[in-house]
Amino acid sequence: MGRNLTLPTVLGIALLFGLSFLAPWLKFVFTIALAKGLAVLGILLLLRAGQVSFGHALYVAVGAYTVAFTRPVAGDVLILLPLAVLAAGTVGVLVGLFVTRYRDIFFGMLNLAFSMVFYSLLEKLYAYTKGTDGITVVRPSIAGVMLERVPYEWTMLCLALTLAVGLGLLARVFLASPLGQALPAIKTRETRLEFAGISAKRVLLVSYVASAMLAGLGGGLIAMTTLHVTPLLAYWTHSGELVFIAILGGGGAVLGPFLGAVVFELVRVYAAAAFPDAWQMILGAVLLAIILFASRGLWGIYEDLTAKRGVRS
Amino acid sequence: MSGALLSARGLRIAFGGVKAADGIDLDIAEGEFVAIIGPNGAGKTTFINMTTGYLRPQAGTITFAGEPITGLQPRQIVRRGIARSFQIPQLFTEHTVIENVALKVAAHRGFWHGLRPLLDRPTTAATMAILDQFGLRHVAEAKATELNEGTRKLTDIAMAMALEPRVLLMDEPTSGVASAEKFDIMDTLVGALRARGVTAVFVEHDMEVVERYADRVAVWSQGKILASGPPAEVLNDPAVLREVIGVEVKHAAGGGHAHA
Ligand SMILES: Nc1ncnc2c1ncn2[C@@H]1O[C@H](COP(=O)(O)OP(=O)(O)O)[C@@H](O)[C@H]1O
Ligand SMILES: [Mg+2]
């Protein structure tokens, strides 16, 4: 913490915009990456408490399906996104009240279980969800304005970036607060927190609901960008992907999730095109290398590089 | 003694066949400094665990300021004004000393505020005041894992004091500390406690420390209180000498004790 993130943030934004001008289809890739980054930011809050959720795709899917379900009646991004966050937050409270009683492997697996239940519901309740076919989302208006595809995509990219920067800042402030600082205390000495008169469960619940809302927001953005939702959004591999990105990006700073998400999506898109049969192997190898040689993730590598050159602030 | 601040009646708990508390009756008056002595395994830590809600007694009652607190959760008991420190220091190992203590300071000053920094100006000032009282200012920025045993003990106690308790229960505050340092630590500690009018109970193996700092000493043996009274009396009681202090001397001569 305490490190100045302005420079890397500005550089990152400039890079995203620059590349999007050069290769217009990257707008789509980056918007998805930033949306996932928001969900991973939620994962990071829980990681600070030493807890790994293997089910946060649940909240991504809740956010995405909320957009798909309400698009016909409420057609504006500025209404749909808050609804997605609200829905994910509500499910987060209900599930959170239960899962925050558990730690470690039980916490991880219970989250997985809830996400799998939701996945099957999405698949089975065909009358409402159209099953595995999924639901197509008609492009919504933005602040009352219906945009053509290209300006819409630019606007969504800007929106995703604004949310990423704003919520990244908010998360940073939160992590420095007593509540945020209590998260690593849960990891190291949970009982001592109880002996301070603080309910560790409640501390974890607050972060859990925040993480659900972030994932729901990411899901809402994904639905508005891909304009199609399927039960796969809630599938466990998708949850694993969020954890993967968290480790890839590194948990040392709030930029880690976004850095990880952008690199992940780029590698995925390019590796999938270049080596259609081997790209998962490539991602696996990258993860292995990160865990073995750079456990603080890409952000940690960035920190080490800049520290050597004395660009500390 | 109905005017007692903290009062235990008939506390019992057994683990398997071991009676760790076998009818404990104890009254502690406001402002009193009570030392608990007794051999390892006598049930001293168990008494603290029951009083602070970590263990629920199988029988008996604990009253604090006239209200029953038996069986409450640790955090409920802490909020009423009973804090504790630990035989093995329980620090937040990812945090620095100042953060460790500040988390406790914040615990009863807007802890649930998610947007103000932990180390805002008022919390930092209050925390530094406590660190000063315990002579810990020079290690404020050190990670909890980098401290020596004596400093860890002091930090652990400073964390409990940050809760501004009425009663502080300390489990072996000077164990694992070099003899030369013991009196320094106790001077610091007792000074801080007296300055705030805190009632204190401390488990202690060193009889010199007990004589010097305790108003009263309670002797534990196999889950029972064998004797209780002023140190000068109790420490010269032949029965106590035979049953406990003999064991203590041998124990002390035997060096450190492995005990959780
Ligand atoms: N949580 C527990 N589970 C099982 N046995 C315990 C537990 N706590 C204490 N004991 C046992 O109770 C007895 C008293 O322990 P303790 O209170 O730690 O002694 P002291 O602090 O006086 O050395 C010991 O025999 C110990 O092994
Ligand atoms: Mg003990």
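**View 1. P8(A) is a buried residue, with a relative accessible area of 15%.** Here, buried means under 20% relative accessible area, exposed means over 50%, and partly exposed lies in between (1.4 Å probe, protein chains only). This is a predicted model, in which local features need pLDDT of at least 70 and side-chain atom pairs count only at pLDDT 80 or more, while totals for chains, interfaces and linings use all residues. Residues are numbered from 1 along each chain as its sequence is written, chains are lettered from A and ligands numbered from 1 in the order in which they are written, and side-chain values use heavy atoms, leaving out hydrogens and water. P8(A) belongs to helix α1 (residues 6-22) of chain A; helices (H or I, at least four residues) and strands (E, at least two) are DSSP runs, numbered from the N terminus. Which residues does P8(A) contact, leaving aside its neighbours within four places in sequence? They are L255(A), W299(A) and Y302(A), where contact means heavy atoms within 4.5 Å. P8(A) and Y302(A) are 294 residues apart in sequence, yet their C-alpha atoms are 9.4 Å apart in space.

**View 2. Six strands of chain B form an open sheet with mixed pairing.** Follow the strands in the order β6-β7-β8-β3-β9-β10. At the edges are β6 (82-84) and β10 (224-229) of chain B, each pairing on one side only; two strands pair if DSSP finds at least two bridges between them. Strand β9 (residues 216-221) of chain B runs antiparallel to β10(B), joined by 5 bridges. Look for V219(B), which stands opposite A227(B) in β10(B).

**View 3. T45(B) and Q87(B) coordinate the magnesium ion (ligand 2).** The donor atoms are OG1 of T45(B) and OE1 of Q87(B), at 2.0 to 2.4 Å. Donors are N, O and S atoms within 2.8 Å of the metal (3.2 Å for Na, K and Ca); water is not among the atoms, so sites may look incomplete. T45(B) lies in helix α1 (residues 44-51) of chain B and Q87(B) in the loop between β6 and α3 (97-107) of chain B, so the pair ties together parts 42 residues apart in sequence. Are these two residues buried or exposed? T45(B) is buried at 19% relative accessibility, and Q87(B) is buried at 8%.

**View 4. Chain A meets chain B through 26 residues from chain A and 33 residues from chain B.** The rule finds 3 salt bridges across this interface, each a side-chain nitrogen of Lys or Arg within 4 Å of a carboxyl oxygen of Asp or Glu. E194(A) forms a salt bridge with R75(B), with the closest N and O atoms 2.7 Å apart.
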